[in-house]
Amino acid sequence: MDKVLSHLTLNTRQFHELTLRMRVILSQLPLSLTVLLILAGGLLFHRDLFASQAFLIGVGLQAVLLALCVAVPWDRLPHATFLVIPLLDFIPIGFMRYGAGTIITGVGLLTVFPVIWLAASGLFPRAALTAGFLGALGVVWVPVFVTAAEVNSQSLTQSFLLPFIMLAVGVTIRVMTASMMAQQAMLEEKDRALQVLLEESARRERLLDTVVNSVDIGLMALDETGRTVLGNRKLEQLRMLAGGSDGTAEEDLRIYQQDGGTAVPAARRPARRAAEGHVFSDYLLWWGEQPGQRVLSTSSRLMTNQAGTREGSVVTFNDVTELVTALNAKDEFVATVSHELRTPLTAIRGYLELLTSMPDLEPAVASGLEVVSRNSERLHKLVVDLLSTAEGTPEITPVPTDFSGLVGRRLATAQEGNSNPLVRFEDRTEPGLVALCDASGIGQVLDNLLSNAIKYSPGGGRVTVRAAEVDGEVECSVTDEGSGMSPEELKGVFSKFFRTSGARNAAIPGVGLGLAISKAIVERHGGTITCRSVEGAGSTFTFRLPLAHVGQDQQLQAQ
């Protein structure tokens, strides 16, 4: 019914969206149009129909009811008041049926219109069905009682089927209307929920936009295809610094490596790496030209859905120019101080070597010189570490190296210099390992790891060195049974000047450079270094190096 009435509005608006007056008019209109059709048929084929006064009264009443539908301000009256129209419709239908007699049969079927209207209204369902049945019954029976004809069972049952047909129609319409109203209520509820979600989504989008454009770092979000879906104002400023503008591709930006002049290849640029699914942190790049060049620290993290599938990446761009400048100044200061310390320290070590080689030294003097010599060696190692940190990782020359022999020699040196009798050493190195490495640099790594294992095991225990071929690489690990580290301390173990709280409290010597230098040396070889540690149960440092393959220079380097 709602669809039929919507067609009467030329589908410009849904029926339930109209005003109550317009809905009343449209609900009455089908009956009025049908009466108009009967009138047209009578004019063409049954002119004697207009001789019936009852028929004309019925047509007139129908016209009055249509006029009432138009004239009455239904919106101002109680909502159910409009039901008076379909109830009154039975009266003109009764007159028309009685007046048409046998000239036009079936006029009584017009009762279907008010019956449908009452049932489809959704108001007072039982009363509406009863009113429809009684109205149809009145159309059939009232003429029988008001005429002079004899009232008998035959006259009463002659058209008795019509009220029951109308009742069946009313029940059917009521069931369909109830179902449609339930569906409409469900749709309206979903529409309200959707509106709430849309408003919440819009609010979150506004909040995200405000937050993203308020932070002082550049932000970029990429979808799974690598297309940029979000970027903030800070990022646009940084792109302009690198010679970019709206629509400038990343490969066209002026982005340089550490020297500030060598362009970063397209494949190594942050957005390209993030689009390929890479995850990275603190990737330093130099943006723009001098003198306005800036250093940016870039990081990338993956976005995943609930199933763990990658949906894209988020890239951050943080301006760390002042921090890098400060670090460079610090490194220059450390290098200058270390160089100044090296010259007098060299003289001290030379004279100590001369003095300790003199014969017939008194025991007290010899003991004192040994203490001075030992501490001068510690100071010399500290100066070397500081210089290595300030000057960067020295150049390395990887060649096929007898790694098993190198481990054995560095372990023997550590045993000779060990001042803690409670520490025991165990070598579990597989024989015949050949690594592609710089023996001097990897020797320094082994010295640092063994020195730390001894220092951080004041209570003694076993220091175990293992080396074997694993997954086509040489893997070496140094394990101690010392104090270990907490999970928080483990995060910064390879940082410069990092020292655990236990080491500081126990006054264990060192400045925290050995592991940072070791990490740099291993990574220059194309290898990796990791640490596993349990607080109070010791630590294991593991590094991997490339394996020397057949066909490479087989002259082994030894040191």
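Which residue in β13 does Cys 476 stand opposite? Cys 476 stands opposite Phe 543 in β13, and that pair belongs to one of the two open sheets described below. This is a predicted model, in which local features need pLDDT of at least 70 and side-chain atom pairs count only at pLDDT 80 or more, while totals for chains, interfaces and linings use all residues. Residues are numbered from 1 along each chain as its sequence is written, and side-chain values use heavy atoms, with hydrogens and water left out.

**The chain as a whole**

- The protein chain holds 17 helices and 13 strands, where helices (H or I, at least four residues) and strands (E, at least two) are DSSP runs numbered from the N terminus.
- Of its 559 residues, 39% count as buried, a word that stands for under 20% relative accessible area, with exposed meaning over 50% and partly exposed in between (1.4 Å probe, protein chains only).
- The protein chain exposes about 31,400 Å², and carbon and sulfur atoms supply 59% of this area, which was computed by the Shrake-Rupley method with a 1.4 Å probe.
- Among contacts with a separation of 6 or more, 63% come from residues 24 or more positions apart, a contact being heavy atoms within 4.5 Å.

**The six-stranded sheet**

- Six strands in the order β2-β1-β6-β5-β4-β3 form an open sheet with antiparallel pairing; two strands pair if DSSP finds at least two bridges between them.
- Strands β2 (228-231) and β3 (255-256) stand at the edges with a single partner strand each, so one side of each has no neighbour in the sheet.
- Helix α9 (residues 233-241) packs on this sheet and touches β1, β2, β4 (280-287), β5 (294-304) and β6, with its direction at about 100 degrees to that of β1; axes are lines fitted to C-alpha atoms, for helices over the stretch in contact, and angles run from 0 to 180 degrees between N-to-C directions.
- Strand β1 (residues 218-223) runs antiparallel to strand β6 (residues 310-319), and six bridges join them; in β6, Gly 312 is the bridge partner of Asp 223, and Val 315 is that of Met 220.
- On β5, nine bridges link the strand to β6 in the antiparallel sense, and Arg 301 stands opposite Val 314 in β6.
- The two strands β5 and β6 form a hairpin with five residues between them, and in the turn Gly 308 has a positive phi of about 85 degrees.

**The five-stranded sheet**

- A second open sheet has five strands in the order β8-β10-β11-β13-β12, with mixed pairing.
- Its edge strands, β8 (423-429) and β12 (528-534), each pair on one side only, and the twist averages 15 degrees from one strand to the next.
- Strand β11 (residues 473-479) is joined by seven bridges to strand β13 (residues 538-546), and the two run antiparallel.
- Helix α14 packs on this sheet, touching β8, β10 (461-470), β11 and β13, and its direction makes about 170 degrees with that of β13.
- Seven bridges also join β10 to β11, again in an antiparallel arrangement, and in their hairpin, which has two residues between the strands, Asp 471 takes a positive phi near 55 degrees.
- Val 478 of β11 is the bridge partner of Val 465, and Val 478 also stands opposite Phe 541 in β13.
- Five of the seven residues of β11 are buried, which leaves the strand mostly covered.

**The packing of α14 and α17**

- Two packed helices are described by the angle between their axes and the distance between the axes.
- Helix α14 (residues 439-455) and helix α17 (residues 514-524) pack at an angle of about 150 degrees, with their axes 9 Å apart.
- The residues in contact are Gly 441, Ile 442, Gln 444, Val 445, Asn 448, Leu 449 and Asn 452 of α14, together with Gly 514, Leu 515, Ile 517, Ser 518, Ile 521 and Val 522 of α17.
- Buried residues in α17 include Gly 514, Leu 515, Ala 516, Ile 517, Ser 518, Ile 521 and Val 522.
- Just after α17, Gly 526 takes a positive phi of about 85 degrees.
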